[in-house]
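User: I am new to reading protein models. Could you walk me through a few features, with the general idea each time?

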Amino acid sequence: MSTSTAADGTSARWDVAYEWKAVALLALAFGTVGLDRMVLAPLFPFMMKDLHLTYQDLGNIVGILGVFWGLSAFLMGGLSDRLGRKRVLVPCIIAFSLLSWLSGVATGLLSLLVIRSVMGLAEGAVASTGVAVCTEASYPPRRGVNQGIFQCVFALLGSALAPIIATQMLGFTTWRNVFLIAGVPGLLVALGIALVIREPATIGKKAEGVARGSLKEAFKHRNVGLGMITLVCAMTGVFVMGAMMPTYLVDFLKLTPTQMGFVSSAIGFGGFLGQFGLPAISDLIGRKMAVVGAFVLAAMFLWAFAHTGSASLPLLFVLLFGAALFNFGALAVIAGPLAAEAAPVGQIALVAGMVIGAGEVFGGGVAPSIAGAIAQTYGLQYILYFALSGQVLGLLLSVFLKETSPRKTTAAEAAVSAAAVV
């Protein structure tokens with residue numbers, strides 16, 4: 001059982017048991033978000049034939065979900081700060097689980113666009129509200145590692161296991177049934193969250209006497225505006241790779257569906273390790289250094305992958321694994337602890353929603369649509385250079401971030417105090 005310091009300066013016990021239950025449930029919730037969202041990409045080469053779709057259609061289907069995800073992250077995050085976490089999380093998890101089934105009964109492009117846009121509204125709320133719940137449940141020195149646990153299952157289920165599961169299931173069923181099965185786990189997770197998650201003291205009647213920051217005040221912290229832009233850069237890489245990679249591997253590198261599933265899974269396994277490991281490392285080395293280093297290494301691995309052919313599947317896997325590890329890692333630090341630590345009192349979900357919302361609308365929404373247009377007009381190989389440009393721009397901007405890690409800022413304050421005494 002950890003201890004913390006209460007508002008009156010006394011030592012208070014930290015409920016570690018609740019902390020781990022909350023983080024575990026949030027991880028499962030975000031994992032089901034990843035599965036329902038990302039299973040579309042490995043199924044798309046087969047959906048193209050039945051529904052007569054194009055590369056541009058793929059970019060638009062992925063993009064419209066990202067746009068509505070971003071809008072929802074901003075609006076629903078702020079709403080959960082006022083109404084309560086469970087009142088937002090539970091119905092939204094149920095909604096996107098049911099919408100996964102509807103994706104399997106789609107009859108064409110228009111129905112897919114409508115279904116995936118509504119799914120984005122439900123999933124975006126889970127992202128921003130989840131960051132807030134994880135922050136509130138976490139002992140401050142463990143914020144980074146807990147945010148990493150919360151976010152990493154998205155990559156594990158959505159990008160690592162979804163291509164393998166989907167391509168294996170296609171051996172005995174249709175792509176429509178894969179969507180149906182993918183929606184089931186979320187219903188169970190919604191029940192667990194309804195039973196376990198607690199509301200913070202800043203919600204509803206509990207919030208009397210708690211001063212809330214304004215939207216203008218939130219933007220006074222440098223990391224809010226910078227976080228929004230750098231997350232766009234990180235998500236450009238993540239979702240261009242996630243949305244277009246299966247089609248790139250099958251149509252450009254001429255891999256078989258099984259080979260494609262193996263190589264594509266590197267995005268998820270690398271992303272899982274990055275989303276778990278980098279926020280934890282950022283607790284020690286600082287948020288800024290973690291993000292800067294991640295962008296550098298993500299760009300190096302992605303450039304090498306773009307210049308590698310189909311002769312060696314293990315090499316393709318390793319390079320894509322590295323690119324995803326550091327790209328997802330940067331995303332996790334920016335969207336999680338960096339955003340939460342820049343928020344005024346009572347507005348963690350709102351600020352997280354602003355940062356995630358910007359990243360999703362442009363990086364997860366507009367970027368895949370642009371990538372689809374690039375693939376349709378110039379060729380699939382050029383989408384990798386578009387993703388690479390996001391990493392380079394993110395690197396240039398991240399050097400201006402302000403350090404917010406509790407361990408780093410506490411150490412800096414202690415050094416200043418010691419100097420003042422001397």
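Analyst: Let us look at helices, a helix contact and cavities in turn. This is a predicted model, where local features need pLDDT of at least 70, side-chain atom pairs count only at pLDDT 80 or more, and totals for chains, interfaces and linings use all residues. Residues are numbered from 1 along each chain as its sequence is written, and side-chain values use heavy atoms, with hydrogens and water left out.

User: How many residues does helix 11 have, and what span does it reach?

Analyst: Helices are DSSP runs of H or I with at least four residues, numbered from the N terminus. The expected span is 1.5 Å times one less than the number of residues. Helix 11 (residues 257-285) has 29 residues and reaches 41 Å from first to last C-alpha, close to the expected 42 Å. Gly286 follows helix 11, with a positive phi near 105 degrees.

User: Which residues of helix 2 and helix 3 meet?

Analyst: In general, residues three or four places apart in an α-helix point the same way, because there are 3.6 residues a turn. Here Leu40, Phe44 and Met48 of helix 2 meet Tyr55, Leu58, Ile61 and Val62 of helix 3, where contact means heavy atoms within 4.5 Å. These contact residues comprise 7 nonpolar, no polar and no charged; Ala, Val, Leu, Ile, Met, Phe, Trp, Tyr, Cys and Pro count as nonpolar, Asp, Glu, Lys and Arg as charged, and the others, Gly among them, as polar.

User: How many cavities are there of 30 Å³ or more?

Analyst: Rolling a probe the size of a water molecule over the atoms shows where empty space is left. On a 1 Å grid over the protein atoms alone, a cavity is a set of points where a 1.4 Å probe fits but cannot get out, and lining residues have an atom within 4 Å of a point. Grid points join across faces, edges and corners, and volume is the space filled by probe spheres set on them. The count is 3 cavities of that size. The largest holds about 140 Å³ and has 17 lining residues, with Phe30, Trp69, Gln151, Met235 and Leu331 nearest its centre.

Conventions:
Helices (H or I, at least four residues) and strands (E, at least two) are DSSP runs, numbered from the N terminus. On a 1 Å grid over the protein atoms alone, a cavity is a set of points where a 1.4 Å probe fits but cannot get out, and a pocket is an open set with protein on both sides within 12 Å along at least five of seven lines; lining residues have an atom within 4 Å of a point.
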